[in-house]
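This briefing covers the fold, the overall dimensions and one selected residue. Please read it alongside the sequence and the model.

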Amino acid sequence: MSSPEINALTQALAKLPGLGPRSARRAVLHLLKKRETALEPLLVALANVSDRLTRCATCGNVDTSDPCGICADPRRDQRALCVVEEVADLWALDRARLFPGRFHVLGGKLSALDGVRPEDLSIDALIRRLEAGGIDEVVLAMNATLEGQTTAHYLADRIERFPVRVTQLAHGLPVGGELDYLDEGTLAQALRARRPVA
């Protein structure tokens with residue numbers, strides 16, 4: 001039997017995506033065996049992130065600075081804006097290094113079943129960014145789900161009054177698939193084949 005503290009650590013790790021109870025136990029055993037090289041650096045890193053974690057007021061990304069590193073990067077194309085559902089989608093697209101512009105995180109997708117309405121998402125903040133001007137293209141990078149496509153169509157209707165080119169990722173992404181789980185080749189093809197929203 002483990003101590004209550006070790007059990008609490010195991011249960012906390014088991015709540016993370018991709019880790020079940022058995023994987024969490026293996027991770028805890030590894031951390032305990034490698035205390036100096038694994039556990040202590042992990043604790044320092046977690047403390048640093050916990051103390052400095054913030055949400056970017058511009059795009060909604062999660063970072064340790066506001067504005068985030070993407071919004072503060074002067075090399076980014078300010079005329080191109082990619083709209084995603086969640087921070088994980090932003091990270092997946094940015095990790096592939098295929099989109100040179102900036103991002104906007106909605107914080108979810110429209111869903112009548114889950115009670116998610118337009119006012120529950122950062123759509124008004126997106127509209128304010130477009131009203132400020134300087135954006136030529138908006139890429140709607142919604143997940144290829146029914147709710148994702150509903151959100152994309154809603155956004156396209158809201159954006160049509162602005163003088164911007166509105167595109168979306170090419171279909172060919174797996175139906176029901178999420179951007180965070182796609183390989184870079186699939187993401188590259190989807191970005192290259194984006195097309196105007198009808």
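Contact here means heavy atoms within 4.5 Å. Axes are lines fitted to C-alpha atoms, for helices over the stretch in contact, and angles run from 0 to 180 degrees between N-to-C directions. The model is a predicted one: local features need pLDDT of at least 70, side-chain atom pairs count only at pLDDT 80 or more, and totals for chains, interfaces and linings use all residues. Numbering starts from 1 along each chain as its sequence is written, and side-chain values use heavy atoms, with hydrogens and water left out.

**Sheet and helices**

- The protein has eight helices and seven strands; helices (H or I, at least four residues) and strands (E, at least two) are DSSP runs, numbered from the N terminus.
- An open sheet of five strands has the order β4-β3-β5-β6-β7, with mixed pairing; two strands pair if DSSP finds at least two bridges between them.
- At the edges of this sheet are β4 (101-105) and β7 (195-196), each of which pairs on one side only.
- Strands of a sheet pair through backbone hydrogen bonds, either parallel or antiparallel.
- Four bridges join β5 (residues 137-141) to β6 (residues 165-168) in the parallel sense, and L140 has Q168 as its bridge partner in β6.
- Helix α7 (residues 146-159) lies across β3, β5 and β6 and runs at about 160 degrees to β5.
- Helix α5 (residues 87-95) lies across β3 (77-84), β4 and β5, at about 160 degrees to β4.

**Whole chain**

- The C-alpha trace spans about 65 × 35 × 35 Å along its principal axes.
- Of the 198 residues, 39% count as buried, meaning under 20% relative accessible area, with exposed over 50% and partly exposed in between (1.4 Å probe, protein chains only).
- Among contacts with a separation of 6 or more, 55% come from residues 24 or more positions apart.
- There are 25 positive and 26 negative side chains, and the centres of the two sets lie 5 Å apart. Lys and Arg count as positive and Asp and Glu as negative, while His and the chain ends are not counted; each charge is placed at NZ of Lys, CZ of Arg, CG of Asp or CD of Glu.

**Residue V28**

- V28 belongs to helix α2 (residues 21-33) and counts as buried because its relative accessibility is 2%.
- Apart from neighbours within four places in sequence, V28 is in contact with I6, L9, T10 and L13.
- V28 and A141 are 113 residues apart along the chain, and their C-alpha atoms are separated by 37 Å.
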